Amino acid sequence: MCSDIFEQRNVFLDQIVAERRSHRVFRPEAPPEDEIRRILHAGLLAPFAAAAVGDSKDYFRRFFVMRNGSRSMKAVIPLVREQVAAMAQDIERKMEDDPVLRAKAVTFVQRLAAIRKMGVVPGVGTAPWYIVVAERRGFPPVELQSLAHCMENMWLKATALGLGFQLVSVTSQMSPDPEFCRVLGIPAGEWELMGCAIGYPADDLPPSIRPPVEDVTCWLE
Ligand SMILES: Cc1cc2nc3c(=O)[nH]c(=O)nc-3n(C[C@H](O)[C@H](O)[C@H](O)COP(=O)(O)O)c2cc1C
């Protein structure tokens, strides 16, 4: 009896995990705020590095929700675009005298060039909601790992609600930007950031293709 319940729970969990995809094209209508709240709640339930954040009275994880077309969204769009341009210039300059970096970063630089050409940073102003999650810097500095757990919980919850989710990882580059942090109302440099875009997906995507577990697993003696 008990194992039946666990089986049933796992049928749903496995389905949600398998259906989780990166959606990059969204319908214009916005999912209701209540669904966004449920996604944020799932993010709050994600693990955090208790020893690293210490016992600050001020909660160490924050969510900033921006609706497409809002004042805050209009303010951050050019800031993120400028950051992408600055990153591209910086990497290209470093690549000139570093052949190892040149080989390693080629795909990423091409991606940045494509974004600059489009003039739009995917996920920032291209979906009904852009959400920034902030995690206070602690010691050791594991905020980005912590944010990844938070994002995964949010991603799975969005999937379970039938919503599309896109990570917007350039958001992490915005943490030292005073203008971006002013829009959020936090001091620059004290928080690490990660972002995502959420909306109704424009298309149904098939489940991800991954190698069989046995092909990538070593059972060590
Ligand atoms: C650390 C990290 C950063 C990522 N950043 C972005 C991003 O900025 N924009 C984006 O569209 N997808 C981003 N992705 C999503 C991956 O491209 C995606 O998960 C991968 O291509 C597999 O596709 P799937 O999510 O549909 O299974 C990121 C994923 C990870 C783990």
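**View 1. Lining of the largest pocket by class.** Eleven nonpolar, four polar and two charged residues make up the lining of the largest pocket. Ala, Val, Leu, Ile, Met, Phe, Trp, Tyr, Cys and Pro count as nonpolar, Asp, Glu, Lys and Arg as charged, and the others, Gly among them, as polar. The model is predicted: local features need pLDDT of at least 70, side-chain atom pairs count only at pLDDT 80 or more, and totals for chains, interfaces and linings use all residues. Residues are numbered from 1 along each chain as its sequence is written, and side-chain values use heavy atoms, with hydrogens and water left out.

**View 2. Centre of the largest pocket.** The volume is about 400 Å³. Of 17 lining residues, Arg 111, Ile 115, Leu 167, Ser 169 and Val 170 are the closest to the centre. A pocket is an open set of points on a 1 Å grid over the protein atoms alone, where a 1.4 Å probe fits, with protein on both sides within 12 Å along at least five of seven lines; lining residues have an atom within 4 Å of a point. A volume is the space filled by probe spheres set on the points, which are joined across faces, edges and corners.

**View 3. The second largest pocket.** About 220 Å³ of space lies here. It has 13 lining residues; Glu 19, His 23, Thr 159, Pro 201 and Asp 204 are the closest to its centre. Five of the lining residues are nonpolar, three polar and five charged.

**View 4. Surroundings of Leu 193.** Leu 193 touches residues including Val 132, Leu 144, Met 174, Phe 180 and Ile 186, not counting residues up to four places away in sequence. Contact means heavy atoms within 4.5 Å.
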